[in-house]
Amino acid sequence: MNLTLDPSLPDPAHPKRIPVSRDAISAYVADSIAVKQALLADAALLDAIGAVVRICIDAFRRGNKILVGGNGGSAADAQHLAAELVARFEYDRPGLPAISLSTDTSALTAIGNDYGYEFLFARQLEALARPGDLFIGITTSGNSKNVLRAFESAAKCGVTRIALCGSGGKARDIAEHALCVPSTHTPRIQECHILIIHILCALLEENLFPEHKAPKPAVL
């Protein structure tokens, strides 16, 4: 490793290396914006997000819950979504029942050891889900075996199947509702997944607990 090379300059020995520069950073930001612009221009996807928000509102009003699962960065997103619902998003209000299926290390290691990794979420759904609940499976590839297996279990349990995925993979065909980010690049998909999660949380609060929203201060 050459520790003396200025990282802001091209490296003749490694011509494919991207120098650390303002232009390089701007390119990453522009790439992220481009995918979000594509999402913004996708009327069908925006309508699908709205449909999922309404499905979640109905489920919570019935007394049902949301279960969420994913792997790696998507596991973090699942935990993020569950935390925002159980705790709060933008303002104080009653907690909403949501469980991340990616956080219980004892359950995860037991299921993985005894049944196999692809049953990680399916087994938990069989134990925790009730008819009318929702399962949100997060998979950037759309092909995570344990998420696809969970969709199969959800169908047997009377649980609505929602996918957060990219533009490819099998999840969009197995889920009843698929929110497919128009990209195949994992980081860009994940960035849009967080955006969609925040939209979901904001609209749930606005519609389920409008009376808890503090009025905005008057503009003087």
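Q: What puts a residue in contact with Leu 39, its neighbours within four places in sequence left aside?
A: Contact takes heavy atoms within 4.5 Å. Leu 45, Leu 46, Pro 182, Cys 192 and Ile 196 make the list for Leu 39. The structure is a predicted model, so local features need pLDDT of at least 70 and side-chain atom pairs count only at pLDDT 80 or more, while totals for chains, interfaces and linings use all residues. Residues are numbered from 1 along each chain as its sequence is written, and side-chain values use heavy atoms, with hydrogens and water left out.

Q: Why is Leu 39 called buried?
A: Its relative accessible area is 5%, and buried means under 20% (exposed is over 50%, partly exposed in between; 1.4 Å probe, protein chains only). So Leu 39 qualifies as buried. In sequence, Leu 39 and Cys 192 sit 153 residues apart, yet their C-alpha atoms are 8.2 Å apart in space.

Q: How do you know which element holds Leu 39?
A: Helices (H or I, at least four residues) and strands (E, at least two) are DSSP runs, numbered from the N terminus. Leu 39 falls in residues 22-41, helix α1. Across the chain there are 8 helices and 5 strands, in the order α-α-β-α-β-α-α-β-α-β-α-β-α.

Q: Which residues count as lining of the largest cavity, and what makes them so?
A: A lining residue has an atom within 4 Å of a point. Val 52, Leu 81, Ile 136, Ile 162, Leu 164, Leu 179, Ile 196, Ile 197 and Leu 200 line the largest cavity. Both β4 (160-165) and α8 (186-208) supply at least two of the lining residues, and α8 gives the most, with 3.

Q: How do you know the class make-up of that lining?
A: Ala, Val, Leu, Ile, Met, Phe, Trp, Tyr, Cys and Pro count as nonpolar, Asp, Glu, Lys and Arg as charged, and the others, Gly among them, as polar. The tally is 9 nonpolar, no polar and no charged residues.

Q: What makes the pairing of the Lys 65 and Asp 133 side chains a polar contact?
A: A polar contact is a pair of N or O atoms within 3.5 Å; within protein, one must be able to donate a hydrogen and the other to accept it, and residues adjacent in sequence count only if both atoms are side-chain atoms. The two side chains are joined at 2.7 Å. A polar atom of the Lys 65 side chain also lies 3.0 Å from the backbone oxygen of Leu 128.

Q: What makes Ser 100 count as buried?
A: Ser 100 comes in at 10% relative accessibility, and that is why the label applies. Ser 100 is found in strand β2. A polar atom of its side chain lies 3.3 Å from the backbone nitrogen of Ser 102.

Q: How do you know that the length of helix α6 is close to expectation?
A: The expected span is 1.5 Å times one less than the number of residues. With 13 residues (145-157), α6 reaches 18 Å from first C-alpha to last, close to the 18 Å expected. Its buried residues include Asn 146, Phe 151 and Cys 157. Just after α6, Gly 158 takes a positive phi of about 75°.

Q: What makes Asp 104 a cap for helix α4?
A: A side-chain oxygen of Asp 104 lies 3.2 Å from the backbone nitrogen of Ser 106, at the N-terminal end of α4 (105-114). After α4 comes Gly 116, with a positive phi near 120°.

Technical notes: On a 1 Å grid over the protein atoms alone, a cavity is a set of points where a 1.4 Å probe fits but cannot get out, and a pocket is an open set with protein on both sides within 12 Å along at least five of seven lines; lining residues have an atom within 4 Å of a point.
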